[in-house]
Amino acid sequence: IKAMSSVMGRAEGKIAPFLRLHVHHSLQQLVQADMLPVLHRVDKRKKSSVLRALLQIRNMVVDWTNGVENREDYKNYRRAMGRVTAQHPPRVVGPSPTQLHLLRTMLRAMYDETSSARQKNGFFSRKDLENDDVALLQGFYNESFYFPYLLNYSGTL
């Protein structure tokens, strides 16, 4: 194990940028593409509190091409468009630990049935998100568990 750790430590300069690129792309794919159907549906159903929360999550980590925000993308989304791919500049920088923690906390509050935000007197109701939406948020939440370890490659070794 020590020998493997040593080899991985020497390769950090080559591996770490790809790990950060992967984390950046995963975040952008979620907030710019995978969340589009959810945002569209919530906007169409006039669920303003849920829309506001999802847009806050999005604005926390989004990296628009040329820094120009696309405010109407979720309003123009149609099911016929299918799965959308995020359009963002490739960057070898991940989110800050604070951004990542807040993102994960807010996502969990949105989908977790035991969250105080989803309780009877909570901010969101159970009907605000469909099962597919919950699966999307929960899937990303579970995947992003490893992001702090990937972003802190040398500390993880």
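Which residues make the nonpolar surface patch of about 330 Å²? The patch is formed by Met-4, Val-7, Met-8 and Leu-157. Patches are built from residues with over 30% relative accessible area and no salt bridge, with nonpolar side chains (Val, Leu, Ile, Met, Phe, Trp, Tyr) joined within 5 Å and like charges within 9 Å. Val-7 belongs to helix α1 (residues 2–10). Its relative accessible area is 42%, which makes Val-7 partly exposed; buried means under 20%, exposed over 50%, and partly exposed in between, with a 1.4 Å probe and protein chains only.

This is a predicted model, in which local features need pLDDT of at least 70 and side-chain atom pairs count only at pLDDT 80 or more, while totals for chains, interfaces and linings use all residues. Residues are numbered from 1 along each chain as its sequence is written, and side-chain values use heavy atoms, with hydrogens and water left out.

The protein has 9 helices and 0 strands, where helices (H or I, at least four residues) and strands (E, at least two) are DSSP runs numbered from the N terminus. The C-alpha trace spans about 55 × 35 × 25 Å along its principal axes. Of the 157 residues, 38% are buried. Among contacts with a separation of 6 or more, 74% are between residues 24 or more positions apart; a contact means heavy atoms within 4.5 Å. The accessible surface is about 9700 Å², and carbon and sulfur atoms hold 55% of it. These areas come from the Shrake-Rupley method with a 1.4 Å probe, and for residues only the protein chains shown count as cover.

Gln-28, in helix α2 (residues 12–34), is buried at 1% relative accessible area. Setting aside residues up to four places away in sequence, Gln-28 touches Ala-33, Val-61, Val-62, Asp-63, Ala-86 and His-88. Met-106 lies in helix α6 (residues 97–111) and is partly exposed at 25% relative accessibility. Beyond its neighbours within four places in sequence, Met-106 is in contact with Ala-53, Gln-56, Ile-57 and Met-60.

The backbone has a point worth checking at Lys-46. Most residues other than glycine have a negative phi. Lys-46 is not a glycine, yet its phi is positive, at about 60°. Lys-46 sits in the loop between α3 (36–44) and α4 (48–61) and is exposed, with a relative accessible area of 72%.

Charged pairs come next. Side chains of opposite charge can pair when their charged atoms come close. The whole structure contains 7 salt bridges, a salt bridge being a side-chain nitrogen of Lys or Arg within 4 Å of a carboxyl oxygen of Asp or Glu. In one of them, Arg-41 pairs with Glu-130, with the closest N and O atoms 3.6 Å apart. This pair links distant parts of the chain, since Arg-41 is in helix α3 and Glu-130 in the loop between α6 and α7 (131–143), 89 residues apart. Arg-41 is buried at 17% relative accessibility, whereas Glu-130 is partly exposed at 29%.

Arg-41 also forms a salt bridge with Asp-133, where the closest N and O atoms are 2.6 Å apart. Asp-133 is in helix α7 and Arg-41 in helix α3, so this pair ties together parts that are 92 residues apart in sequence. Asp-133 is buried, at 3% relative accessibility.

Another salt bridge joins the side chains of Arg-71 and Glu-69 (3.8 Å, N to O). Arg-71 is exposed at 57% relative accessible area, and Glu-69 is partly exposed at 35%. Through shared partners, salt bridges join Arg-41, Arg-45, Glu-130 and Asp-133 into one network.
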